[in-house]
Amino acid sequence: MSKLPKVAVVILNWNGRFFLEKFLPSVYNSSYPNIEFVIGDNASDDDSVLFVKQYYPAITILENDRNYGFAGGYNKVLERVDADYYVLLNSDVEVSQNWIEPVVSYMESNPIIAAAQPKILSYHNKDNFEHAGAAGGYIDYFGFPFCRGRILHEVEEDHGQYNQESEIFWASGAALFIREKAWKQANGLDEDFFAHMEEIDLCWRLKKMGYAIGYCPTSVVYHVGGGTLNASNPKKTYLNFRNNLVMLQKNLPLGRAIWIIFLRFWFDFAALIKFLIDRKPKDAWAISRAHQYFFLNIFKNARKRKKYMAIENQKGQYDNSIIIDFYTNNKHKFSQLNPKDFK
């Protein structure tokens, strides 16, 4: 019997004592035999590191000298981790004992799959999908991400409707399995993103290298979500709008990038007006700041554009507008979308 590949489950922590105390026991009881548990700490000033040292002395703790965010924090930590597969796991995720085996088996069966995610359900309502990942990520023509089981703010109940292994466009950073080799080839996450959409950007770059991204429904995890920034936080609004524009600039063909980003400004302007109508001026200002950042850094991000030898794997792209489908065509479920509109 061949040796099982080594898996490193890496939880990035920042002042997360509450979540570590609540969810680390389920992670630590994972049944996969060839495993290392790592806590990467982003310079916490609570007692979370002390808690892990006291109650989980076998867990490796790798400390960063400051808070580098999700993207930079993982980059700094994974430089010091040696494994065949990394699992980037949020601290607010509950897992079952055998959550690792199905995903590793799925990825081992096809070397083209560089990254994958399990089925992600809501911790607070375990019959529902969770916003950040659900049953796999997709992206529409204008660069808006959505998921099977979650379109915009609406999530579906899980009735087994997405229980097929499948190729997707992006895998959620809440529970991201990735080959060490692919991580290094792609140079990890873009640290300028800090947090939000950095995993979509990473998956897009992997697809441009000819890799595939997968979804494995026989592994199920339960995610709290919003553990660091809740949905109504203006900082989250800023990061999502900013990072989405940068991601489009980096990954779309140049001509299409110019066209799509021009159209996106109008979508964003509509969102800004909506925030003002809803008396959320801080969120409206966050969109304006996101646009300012984009233009101030347009040449810096242009230098990040790379040409890869492989033909981009476009599986998971939706050649329509998920915004128009949702608000105009009343399509609130993935199953209502036209399969012919997917590449």
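**Figure 1. The cysteines of the predicted model.** A disulfide is defined here as a pair of cysteine sulfur atoms within 2.5 Å. This is a predicted model, in which local features need pLDDT of at least 70 and side-chain atom pairs count only at pLDDT 80 or more, while totals for chains, interfaces and linings use all residues. Residues are numbered from 1 along each chain as its sequence is written, and side-chain values use heavy atoms, with hydrogens and water left out. A search of the whole structure finds zero disulfides. The closest cysteine sulfur to that of cysteine 147 belongs to cysteine 203 and lies 11 Å away, which is too far for a bond. Cysteine 147 is buried, with a relative accessible area of 0%, where buried means under 20% relative accessible area, exposed over 50%, and partly exposed in between (1.4 Å probe, protein chains only). Cysteine 203 also counts as buried, at 1% relative accessibility.

**Figure 2. The chain as a whole, as a setting for the close-ups.** The chain has 11 helices and 14 strands, these being DSSP runs numbered from the N terminus (helices H or I of at least four residues, strands E of at least two). The radius of gyration of the chain is 19 Å, close to the 20 Å that the globule rule gives for 343 residues, so the chain is as compact as a globular protein of that length; the radius is taken over C-alpha atoms, and the rule is 2.2 Å times the number of residues to the power 0.38. Along its principal axes, the C-alpha trace spans about 50 × 45 × 40 Å. Of the 343 residues, 56% count as buried, and the accessible surface comes to about 15,600 Å², of which 55% belongs to carbon and sulfur atoms. Such areas come from the Shrake-Rupley method with a 1.4 Å probe, and for residues only the protein chains shown count as cover.

**Figure 3. Helix 6 and the glycine that follows.** Helix 6, which runs through residues 198-208, is mostly covered, with 11 of its 11 residues buried. Just after helix 6, glycine 210 takes a positive phi of about 95°.

Figure 4. Trp259, Phe262, Trp266, Phe269, Ile273, Leu276 and Ile277 make a nonpolar surface patch of about 780 Å². Patches are made of residues with over 30% relative accessible area and no salt bridge, like charges being joined within 9 Å and nonpolar side chains (Val, Leu, Ile, Met, Phe, Trp, Tyr) within 5 Å. Isoleucine 277 lies in helix 8, which covers residues 254-277, and isoleucine 277 is exposed, with a relative accessible area of 61%. Aspartate 268 is buried at a relative accessible area of 0%, and arginine 264 is buried at 2%.

**Figure 5. Salt bridges between separate parts of the chain.** A salt bridge is a side-chain nitrogen of Lys or Arg within 4 Å of a carboxyl oxygen of Asp or Glu, and a search of the whole structure finds 18 of them. Lysine 6 forms one with glutamate 36, the closest N and O atoms being 3.2 Å apart. This pair links distant parts of the chain, with lysine 6 in the segment before strand 1 (7-13) and glutamate 36 in strand 2 (residues 35-41), 30 residues apart. Lysine 6 is partly exposed, with a relative accessible area of 26%, and glutamate 36 is partly exposed at 22%. A network of salt bridges links Asp190, Asp192, Asp201, Arg205, Lys250, Lys300 and Lys304.

**Figure 6. Histidine 153 and its surroundings.** Histidine 153 lies in the loop between strand 9 (150-151) and strand 10 (154-155), where this histidine is exposed, with a relative accessible area of 54%. Histidine 153 and histidine 131 are 22 residues apart in sequence and 7.5 Å apart in space, C-alpha to C-alpha. Leaving aside neighbours within four places in sequence, histidine 153 is in contact with Phe326 and Tyr327, contact meaning heavy atoms within 4.5 Å.
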